[in-house]
Amino acid sequence: MSAHEPASFVRLLRRVRKHLGQNERYQHSVRVARSADTLAQRHGVDPGKARLGGLLHDLARLYSAARLLDECERRGLFIDDFERTHPVLLHARLGAALAREKFGADDPGVLSAIEKHTTGAGDMTPLDCVVYLADSLEPARKFPERPALWQIALIDLAQAMREVLALAIRHHERKGRTPAPPTLAAAALFGADGELAGMAEVRASAS
């Protein structure tokens, strides 16, 4: 599947809207696709792959916890203890499977970006970062740091990842929640773990 041809992308938009079945989630997905396209063009990443990953990233986001667990188990996807406690995290990996099965997305980079868009990971490509940041910083996100972080993302992907991850982890800490292990691995990768102690208290989440 390619997102390079306008006609095929319009057809894809219709299919994604039908699959999601909710306008709010569909509009979010479109905004993420557009944001990913913009970041990709700024950083030499394939815009078509970024746009496709952004559009397809939340295919399983509206599934119930029971359905997420069931569909992952039926596909033989490994589920760790943290994911069993927090099944919503499974929507990313299941979403990648649905992107491949239902939408013909077979590019490994696109599927990787979908898989990592929620928690990040200890190894991330520029395309992974583009989709992660597009999801975190799309225009409808209302937390006060978003505009400044978006400007950073337009210039420096690594710095933006570091600051968005640090913000997300601080939010988890304030709520008394443990960040997902892949998020901590991503924080270590980008140096966000070393910045947490010096961060100002935040009022909203980037997740």
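The mean pLDDT of the protein is 91, and 90% of its residues reach 70 or more; pLDDT is the predictor's confidence in each residue, from 0 to 100. This is a predicted model, so local features need pLDDT of at least 70 and side-chain atom pairs count only at pLDDT 80 or more, while totals for chains, interfaces and linings use all residues. Residues are numbered from 1 along each chain as its sequence is written, and side-chain values use heavy atoms, with hydrogens and water left out.

**Whole chain**

Show the cartoon. The protein has 11 helices and 0 strands. Helices (H or I, at least four residues) and strands (E, at least two) are DSSP runs, numbered from the N terminus. The pattern along the sequence is α-α-α-α-α-α-α-α-α-α-α.

Now colour by burial. Of the 207 residues, 52% are buried. Buried means under 20% relative accessible area, exposed over 50%, and partly exposed in between (1.4 Å probe, protein chains only).

Contacts (heavy atoms within 4.5 Å) come next. Among those between residues at least 6 apart in sequence, 64% join residues at least 24 apart.

**Helix α3**

Select residues 47-56. This is helix α3, and 8 of its 10 residues are buried, so the helix is largely enclosed by the rest of the structure. The buried ones are Gly48, Ala50, Arg51, Leu52, Gly53, Gly54, Leu55 and Leu56.

Go to the start of α3. A side-chain oxygen of Asp46 comes within 2.8 Å of the backbone nitrogen of Gly48.

**Charges over rings**

Arg51 lies over the face of Phe9, 5.3 Å from the ring centre. The test here is NZ of Lys or CZ of Arg within 6 Å of the ring centre and within 35 degrees of the ring normal.

Move to Tyr63. The charged end of Arg67 sits over the Tyr63 ring, 3.6 Å from its centre.

**Helix α10**

Select residues 157-174, helix α10, and pick out His172. Is His172 buried or exposed? At 18% relative accessibility, His172 counts as buried. Beyond its neighbours within four places in sequence, His172 contacts Arg177 and Pro179.

**Last stop**

Select residues 195-207. Here pLDDT stays under 50, and the model has 29 contacts beyond four places in sequence for this stretch. Where pLDDT is low, the predicted coordinates should not be read in detail.

Terms used:
A polar contact is a pair of N or O atoms within 3.5 Å; within protein, one must be able to donate a hydrogen and the other to accept it, and residues adjacent in sequence count only if both atoms are side-chain atoms.
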